[in-house]
Structures are given as C-alpha cells and as structure tokens.
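Here are some notes to read alongside the model, for anyone opening it for the first time.

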Amino acid sequence: MRRVVVTGIGPVTPVGIGVEDFWEKLTSGHSGVSLISHFDAEGMPVRIAGEIHDFKPEDWLTPKEVKRTDRCVHFAIAAAKLAWKDAGEPTVDHARTGVMFSTGIGGLSSLLAQHKVLLEKGPDRVSPFMVPMLMPNASAGHVAMAFGFTGPNACITTACAAGAHAVGEAFRLIKYGLADVCIAGGTEASILPLTVAGFAQMQALSRNPDPAKASRPFDKHRDGFVLSEGAGAMVLEDADRAMARGARIYAEVAGYGASADAHHITAPEPEGLGAIQAMQAALEEAGESPEAIDYINAHGTSTQLNDAAETRAIKKALGDHAYKTAVSSTKSMTGHMLGAAGAVEAGVAALTIAQGTIAPTVNYETPDQVCDLDYVPNVARQAQVRLALSNAFGFGGHNVVIALRRFEG
Amino acid sequence: MVLKETRKGEMHPMTMAELQEKVCSILAENLSVPEGQVTPEARFQEDLDADSLDLVEAVLALEEEFGVTIPEDEMEGVRTVGQAINLVAQKLGVAA
C-alpha cells in the first residue's frame, strides 16, 4: 500500500486567499466575518456572514465561463488552481489524476435566479445553463476540465462533512493505487436570503450582531454558527512520486475515519458516539494511539450542541490525553463554510504540522464547564505537531476525521 | 415594424443595418466574444465557439431584447450570425 502526502494547498476563504495570505491572517487571529453585503439584509434575522469580498472570478476563468458557472464553481476553480500552483504544477499522467470536489449545497443562487425567471417570464425564458449551474457535482466536472484530468472524479455531498469526505476518498484512491495524484476539495457559495432564513429558523445561526465576535466556538456564550462561503483544495500525491520529483511535502495523510450518527438528521448524537468511532477509525488506519495526538482542528461550529458533543467525544476517544491536546476551531475566524469547511480545515491541519504554529480559537472569553479542553484561546501557539486530526461533522449525521502526520521520508 | 429614435428624437423604422448592429452586439455580449468577431459571416460553432446550449441562451437574449418568439424548429439550420439576423428581421418585419 502506498503512502499519500499533501503537496499543495489552495484556500479561498473570507480570511484570506492563497496559502500565505490565509495562514498569516489565520495565525494572527483575523476574523473574516462582516455585515452581509451580497444582498440587502434589512429585516433578516441574521445580518452577518463570512463573505469573500476581494475575489474576482475573471482572474481564474474566461468571461464566458464566469457567466456559465455558479459562484461556488468560481471558488472551486480558484482553489484548485492555487493548490496546483502551490504543488509546483507537477507533470502528471492525466488518466491517473483524479478530482474529488464536494459541496454541501451546490449552485443554489443560480437555481433561485432561474426559478424567478420561470415565475415571472415563463418556462420559455429559463436558461439552458440552469441545470449545469445548479448541480452539486459541477465543480468536480469543471476542475477536471480546467486541467484535463480524466482519472476518477466525483462529488460527495454530505453537508458540512463534504469537503473532508473528498479529502478522505482522494486519499484512498491514491493509497490503493487507483490514482497517483488527486485534487481534493470542497466549495460553497450559499450566502443568500433563503439560506440565512432557513438556517436561522433552525436556530443554528448566531444572533450576535458583532461580526468579528459572533463565531465563538467552545465559549460559554456561543449561540450558533456564522454562515460563510469559500473553497479549499489540496493536491494529494503518492509519496514516492512526490519525493522523486523533489516536491515540498506539508504532511502525510495517515488515516481517514468515517461514520454515521444514525441518531437525528441535524442534532449531533449527544455522547459523540459517531464522532468517537470516526476518530478511532482514523487513528487505527494511521497506526497511531490516541496518546500520539498533538493537535485537533475541531469541527467547532460555535453551536451549543456541537461544541459540547465534540468535546465529550474528544475526551472519550483520547482519555486523559485529551487535556494535554491542543484543540482549536478556526471557524472562529472563517465562520462555517459548510461543504468547503472540511477541505479548508484539513489544509489547516497540514499547515500546522509544516509550520509548527497552531492557529487559535478566537473569541474564547468565558469557559464553559462542558467544554473544558485546551482550545488554544485567542492567540496562536508555537508547537511541534507530529500528529493532527481534522474533524468534520455534517447534518445527516455524517462524521469524517482526517489524520495528518509529519512526513518522515 | 420596430421604431428607433433618431438623434433628433424623431422615431423612424429600424433599418437592416441598425438591426444587424444590435443583434451582433447582443451576441457578442452573450457569447463573451469581441464585437469585431461577430459578423454576419461568422459561424456560431466554428468561429464563435458557441455550442448548442450557448445558442439557446443567445436566442433567449434576442427574444428578450426584441420581444419576439423564435421557436426551436426555426432555429434549426441556423449556422451563421447572418442567418440569425435574417430570422429576427423577418419576425420584426425589417426590410432586408
């Protein structure tokens, strides 16, 4: 069986775009959350979100492609191109190069725009591009087209676990010899009146009016997540191949654990049993013990339920070692990019190992007795991290854990 | 008959030349190609890189702009910009 390494990372987030910009801001505690400007949020129950403001799709796609694709595809293409460039634009066998690109929602804004056309102007005015713009798998298809990669290609749509599923499945493709190189990622662009209303009706969104303070994972006064947009991509590569070409290696993908809560369509299983099962599976595949974990990039959404259940799960999976493990939620700065989150955060875990810096959980002010771990509060920490987990849990009860390890050739 | 405002503010029937200019400009915008490339001789697929879906979208834009309906069967056989211009002209009663 082959080892798999991360050789390229491409973040497109409200905090920053590209590895250097993103990492510099993430480790200095910079929040990407702002007042909603994508639409008039007057009268909306929530008026803040993690919007990307300095993104020009024309920098990444032709003018015609920009018009014929949804914003989530714009982000996906940008993230994939950034990751590929970051990996040194390797020469690859296109048939042996795969793309796993996920989303939680897909091209919802394109769907809604055309639904308006249908209602106001009739069926004869609906765009022939409506279907290819709304379908969740559009990003996986467009990324493959952008590079000409004809290897395995799919989109796993598992809400907020989607991006992590893409990374895990790409890892398996390479590990078991079905591909040599993969672009794995997730994308989301669904900051819309309808999604804000829908998530708000679920009582899932923070009502905190102060943008930079609203996402406060593990803090006692957390009151929901902050809806965000963005994409993240990683280039995964067979380790021998990466070494042979002298690639810069961030980390090894050592394990992938996936499970289902089988409990409730949105609420986490309160004891964190599904999350524990996924963490244990990732550790088992990595051949590591819980005591070896140095860092966990938590799912840490800033909802009361998630953060309590995740803390419980970490304590059960790691035992006493949980209290010696650094756990941070970078959603405190990025907000929740839904289907993109898992891919961005697996990249954060890889960067943590490569850079020796742990990004903080900002807005951590008041301890909560049910959240009593070391959440790396408010300021980044220098630390040697050999083994890191990246947790991602999605509505539907999906749990995905990616284990990343310092690569020792 | 389509009326067009002159510089002096008077209305006059749209001429073929004006229609051609308008159609070309809509197609250039819709297909994201430079205006200079959209000439009556230009072929949609070969010269303007427009596939069948692009063509449907472009026809929607023409229908919207000119307030006409161009059924699918009438679009069959339309390969060039000139043919599209003639089709619109016929719908609007603009003399060739």
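A crossing of two helices is called right-handed if the near helix is turned clockwise from the far one by less than a right angle, and left-handed if it is turned anticlockwise. Keep that in mind for the points on chain B. Keep in mind, too, that this is a predicted model.

1. Start with chain B. Its secondary structure is made up of five helices and two strands, and going along the sequence they come in the order β-β-α-α-α-α-α. Chain B has 96 residues, of which 24% count as buried. Looking at contacts with a separation of 6 or more in chain B, 49% are between residues 24 or more positions apart.

2. Now find helix 1 of chain B (residues 16-31) and helix 5 (residues 81-92). Their axes come within 10 Å of each other and cross at roughly 120°, so helix 1 of chain B is oblique to helix 5 of chain B. This crossing is right-handed, in the sense given above. Helix 1 of chain B brings B:M16, B:L19, B:Q20, B:V23, B:C24 and B:L27 to the contact, while helix 5 of chain B brings B:V81, B:A84, B:I85, B:V88 and B:A89. Sorted by class, that contact has 10 nonpolar residues, one polar and no charged ones.

3. Which helix of chain B does helix 1 cross at roughly 135°? That is helix 3 of chain B (residues 52-66), with the two axes coming within 10 Å. At that angle helix 1 of chain B is therefore oblique to helix 3 of chain B. The crossing of helix 1 and helix 3 of chain B is right-handed. From helix 1 of chain B, the residues involved are B:V23, B:I26, B:L27, B:N30 and B:L31, and they meet B:D54, B:E57, B:A58, B:A61, B:L62 and B:E65 of helix 3 of chain B. By class, the contact of helix 1 with helix 3 of chain B has seven nonpolar, one polar and three charged residues. As a bit of background, an α-helix has 3.6 residues a turn, so residues three or four places apart point the same way.

4. B:L31 deserves a click of its own. This residue sits in helix 1 of chain B. Is B:L31 buried or exposed? B:L31 counts as buried, because 23 other C-beta atoms lie within 10 Å, where the cut-off is 20 or more. Setting aside neighbours within four places in sequence, B:L31 is in contact with B:L48, B:A50, B:D54 and B:A58, and also with A:K64 of the other chain.

5. On to where the chains meet. Eight residues from chain A and six residues from chain B take part in the contact. On the side of chain A that touches chain B, three residues are nonpolar, two polar and three charged.

6. Over in chain A, look at helix 7 (residues 162-175) and helix 14 (residues 341-355). Their axes come within 5 Å and cross at roughly 60°, so helix 7 of chain A is oblique to helix 14 of chain A. A:A162, A:G163, A:A164, A:A166 and A:V167 of helix 7 make the contact with A:A341, A:G342, A:A343, A:V344 and A:A346 of helix 14. This contact of helix 7 with helix 14 of chain A has eight nonpolar, two polar and no charged residues.

7. Helix 12 of chain A (residues 304-318) makes a handy length check. With 15 residues at 1.5 Å a residue, helix 12 should span 21 Å, and its end C-alpha atoms are 22 Å apart, which agrees. Buried residues in helix 12 of chain A include A:N306, A:D307, A:E310, A:R312 and A:I314. Among the elements covering the buried residues are helix 11 (273-286) and strand 13 (387-394) of chain A. After helix 12 of chain A comes A:G319, with a positive phi near 65°.

8. Most residues other than glycine have a negative phi. A:F218, though, has a positive phi near 70°; A:F218 lies in the loop between helix 9 (211-214) and strand 7 (230-238) of chain A. A:F218 counts as buried, with 29 C-beta neighbours inside 10 Å. A:V376 is not a glycine either, and its phi is positive, about 50°. Look for A:V376 in the loop between strand 11 (357-358) and strand 12 (381-382) of chain A; A:V376 is buried, with 22 other C-beta atoms within 10 Å.

How values were computed. Residues numbered from 1 in each chain as written. Chains lettered and ligands numbered in written order. Predicted model: local features only at pLDDT ≥ 70, side-chain atom pairs only at ≥ 80, totals over all residues. Helix = DSSP H or I, 4+ residues; strand = E, 2+ residues; numbered from the N terminus. Buried ≥ 20, exposed ≤ 12 C-beta atoms within 10 Å, placed from the backbone. Contact = placed C-beta atoms within 7 Å. Axes fitted to C-alpha atoms, helices over the stretch in contact; angles between N-to-C directions. Parallel < 35°, antiparallel > 145°, perpendicular 65-115°, else oblique. Nonpolar A, V, L, I, M, F, W, Y, C, P; charged D, E, K, R; others polar. Expected span 1.5 Å × (residues − 1).
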